[in-house]
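Please keep the sequence and the model in view while reading.

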Amino acid sequence: EAQAIKNRQTKRSKTAMKLQGDFKILTTGTPIENHLGEIWNLFNFINPGLLGSLDRFNNSYAIPIEKNQDVEKSQQLKRLLQPFILRRRKNDVLSELPEKTEVTLLVELSEEERSFYEALRRNALEKLATLDEDGGQKRFQILAELMRMRQAACHPRLVMPHSKIQSSKMELLKQTVSELIENGHKALIFSQFVKHLRLIEEWVQEENISYQYLDGQTPLPKREKSINAFQEGTGDLFLI
């Protein structure tokens with residue numbers, strides 16, 4: 001996978017360059033992310049010598065294209081690489097993909113949740129009314145209050161940790177997950193809020209459901225381990 005060796009400074013890339021083989025192939029969805037030097041390194045693996053030395057490549061293509069926006073050089077490089085690239089766009093593979101089914105589940109808040117949400121809304125308006133109309137502080141406060149209301153719509157405990165109010169969204173999630181597992185399905189569960197994932201994790205653990213977990217604080221080695229484990233069949237749910 002090209003992503004793993006695109007950076008020529010890494011030990012992984014340097015080690016990969018020593019591999020011997022009669023045929024090499026790279027797969028990737030993003031051949032370039034940062035700079036053209038990544039292209040040079042990838043072709044140094046699959047077709048050494050095609051682009052010359054790194055210094056020559058920089059002088060002939062990278063600098064003119066990236067710094068000077070040289071269209072002619074860009075086209076020249078494209079023509080040079082084209083015979084070695086098989087590119088398949090989404091439209092090329094649509095006929096090979098299974099149909100996608102989307103089901104939107106609407107959640108209606110309970111009376112307790114609606115009252116709680118309304119109290120948050122009124123409290124937010126009162127806070128904003130005391131701030132300077134033209135100050136930047138007010139804009140940040142507006143965003144903060146909107147975030148709190150979004151969290152409250154997910155689960156009251158996201159804004160009031162000791163709240164006893166039940167979450168309608170959580171109850172529907174439990175029902176949906178139970179049905180999926182009963183029918184032998186696996187599921188990815190996404191949330192923008194880590195605290196929300198943790199609440200879901202509490203329930204998953206109580207039900208002894210096998211799962212994997214990943215959030216922004218998960219170290220890279222552990223991320224890869226969790227992803228590989230789920231793809232190999234370990235876990236009915238992946239909380240992300």
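## Helix α8

Which residues are buried in α8? They are Ser168, Met170 and Val177, where buried means under 20% relative accessible area, exposed means over 50%, and partly exposed lies in between, with a 1.4 Å probe and protein chains only. This is a predicted model, in which local features need pLDDT of at least 70 and side-chain atom pairs count only at pLDDT 80 or more, while totals for chains, interfaces and linings use all residues. Residues are numbered from 1 along each chain as its sequence is written, and side-chain values use heavy atoms, with hydrogens and water left out.

Helix α8 covers residues 168-182, and its 15 residues reach 21 Å from the first C-alpha to the last, close to the 21 Å expected at 1.5 Å a residue; the expected span of a helix is 1.5 Å times one less than its number of residues. Helices (H or I, at least four residues) and strands (E, at least two) are DSSP runs, numbered from the N terminus. Just after α8 comes glycine 184, which takes a positive phi of about 80°. The buried residues of α8 pack against α6 (111-129), β1 (187-189), α9 (194-206) and β3 (237-239), and contact here means heavy atoms within 4.5 Å.

## Helix α9

The 13 residues of α9 should span 18 Å at 1.5 Å a residue, and the end C-alpha atoms of α9 are 19 Å apart, which agrees. Its buried residues are His196, Leu197, Leu199, Ile200, Glu201, Trp203 and Val204, and they pack against α7 (136-154), α8, β1, β2 (211-213) and β3.

## The nonpolar cores

A nonpolar core is a set of buried Ala, Val, Leu, Ile, Met, Phe, Trp, Tyr and Cys residues joined through side-chain atoms within 4.5 Å. The largest one has 16 residues, of which Val177, Ile189, Ile200, Val204, Ile209, Leu237 and Leu239 touch the most other members. The elements giving two or more residues to this core are α8, β1, α9 and β3, and α9 gives the most, with five residues. Apart from this core lies another, of 12 residues, among them Ile39, Phe43, Ala62 and Ile65.

Leucine 239, leaving aside its neighbours within four places in sequence, is in contact with Ile189, Leu197, Ile200, Glu201, Tyr211, Gln212, Tyr213 and Leu214.

## The chain as a whole

The chain holds 10 helices and three strands. Its radius of gyration, taken over C-alpha atoms, is 26 Å, well over the 18 Å that the globule rule gives for 240 residues, so the chain is more spread out than a compact globule; the globule rule is 2.2 Å times the number of residues to the power 0.38. Along the principal axes, the C-alpha atoms fill a box of roughly 70 × 55 × 35 Å. Of the 240 residues, 29% count as buried.
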